[in-house]
Amino acid sequence: FEFLVELKRASWALKNVFFLLKKHQQKYNESTEMRQLQVFRHEMQQFISVMEGYIVNQVLHVSWEEFQKNLQDHLFNLDDLRDRHSEFIDKAVFRCLLSKKAGPVMNIIKEIFSTIQKFHFQLTSSVWEGPVSSAHTKMCETHKRFHQRAQFLFTVVTKLVQRGYQPHLEDFLLRLNFNLFYKL
């Protein structure tokens, strides 16, 4: 469950970014750079919230409901319990995109998590010179990289869904592009 830890770590990093920016925003409320960094953080936070929502709804909830139904309908002995549990784990791994086939998609997601961590590091290690962080330019480049990777992920997952691979990913796409932010 390394993936879930990475997801929570990215979520924590963005919460920390929020509090750091809020602290600096109290001093420099009118700064356009500060506003820009908040928008970048918000976009990243929205992506992480979508990932967390997808995991909770499609992986945990749906897989758990299927597991419980299988236990009610197909449980006669201890071997059946082991088999049903194995099926549950396999479905959860598949829906989390942790299977070998989904490796390239997971690599994109991990790159996005890494980019979020880089953004956090750049903010926490920068020096604030008035309303502008010394790392503002680097943070803009990091955000650009994040946006490119997120757009690429959206494109790849859209094509996978169109080809019928993992239809539950439609929920992920709907959540990610709810406001039509990502365009094909």
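**Helix packing and aromatic pairs in a predicted model**

Trainee: Is phenylalanine 88 buried or exposed?
Mentor: This is a predicted model. Phenylalanine 88 has a relative accessible area of 14%. Buried means under 20%, so phenylalanine 88 is buried.

Trainee: Which class does tryptophan 64 fall into, buried, partly exposed or exposed?
Mentor: The relative accessibility of tryptophan 64 is 40%. A buried residue would be under 20% and an exposed one over 50%. Tryptophan 64 therefore counts as partly exposed.

Trainee: How many aromatic pairs does a search of the whole structure find, and how is the pair of phenylalanine 3 and phenylalanine 113 classed?
Mentor: The search finds eight aromatic pairs. In the pair of phenylalanine 3 and phenylalanine 113, the ring centres are 5.9 Å apart and the planes are at 25°. Planes under 30 degrees apart count as stacked, so this pair is stacked.

Trainee: How many residues apart in sequence are the parts that this pair ties together?
Mentor: Phenylalanine 3 lies in helix H1, residues 2–27, and phenylalanine 113 lies in helix H4. The pair therefore ties together parts whose separation in sequence is 110 residues.

Trainee: Are phenylalanine 3 and phenylalanine 113 buried or exposed?
Mentor: Phenylalanine 3 has a relative accessible area of 3%. For phenylalanine 113 the value is 3%. Buried means under 20%, so phenylalanine 3 is buried and phenylalanine 113 is buried.

Trainee: What is the handedness of the crossing of H2 and H4?
Mentor: Helix H2 covers residues 32–74 and helix H4 residues 103–124. The two pack at an angle of about 145°, with their axes 12 Å apart. Their crossing is left-handed.

Trainee: What kind of residues make up the contact of H2 with H4?
Mentor: On the H2 side they include Phe40 and Met51, and on the H4 side Ile109 and Phe119. No polar and no charged residues take part. The contact is made of eleven that are nonpolar.

Trainee: What covers the buried residues of H6?
Mentor: Helix H6 runs over residues 169–176, and its buried residues are Leu169, Asp171, Phe172, Leu173 and Leu176. Their cover includes H2 and helix H5.

Definitions and conventions. Residues are numbered from 1 along each chain as its sequence is written. This is a predicted model: local features need pLDDT of at least 70, side-chain atom pairs count only at pLDDT 80 or more; totals for chains, interfaces and linings use all residues. Side-chain values use heavy atoms; hydrogens and water are left out. Axes are lines fitted to C-alpha atoms, for helices over the stretch in contact, and angles run from 0 to 180 degrees between N-to-C directions. Helices (H or I, at least four residues) and strands (E, at least two) are DSSP runs, numbered from the N terminus. A crossing is left-handed if the near helix is turned anticlockwise from the far one by less than a right angle, and right-handed if clockwise. Contact means heavy atoms within 4.5 Å. Ala, Val, Leu, Ile, Met, Phe, Trp, Tyr, Cys and Pro count as nonpolar, Asp, Glu, Lys and Arg as charged, and the others, Gly among them, as polar. Rings of Phe, Tyr and Trp (its six-membered ring) pair if their centres lie within 6.5 Å; planes under 30 degrees apart count as stacked, over 60 as edge-to-face and the rest as tilted. Buried means under 20% relative accessible area, exposed over 50%, partly exposed in between (1.4 Å probe, protein chains only).
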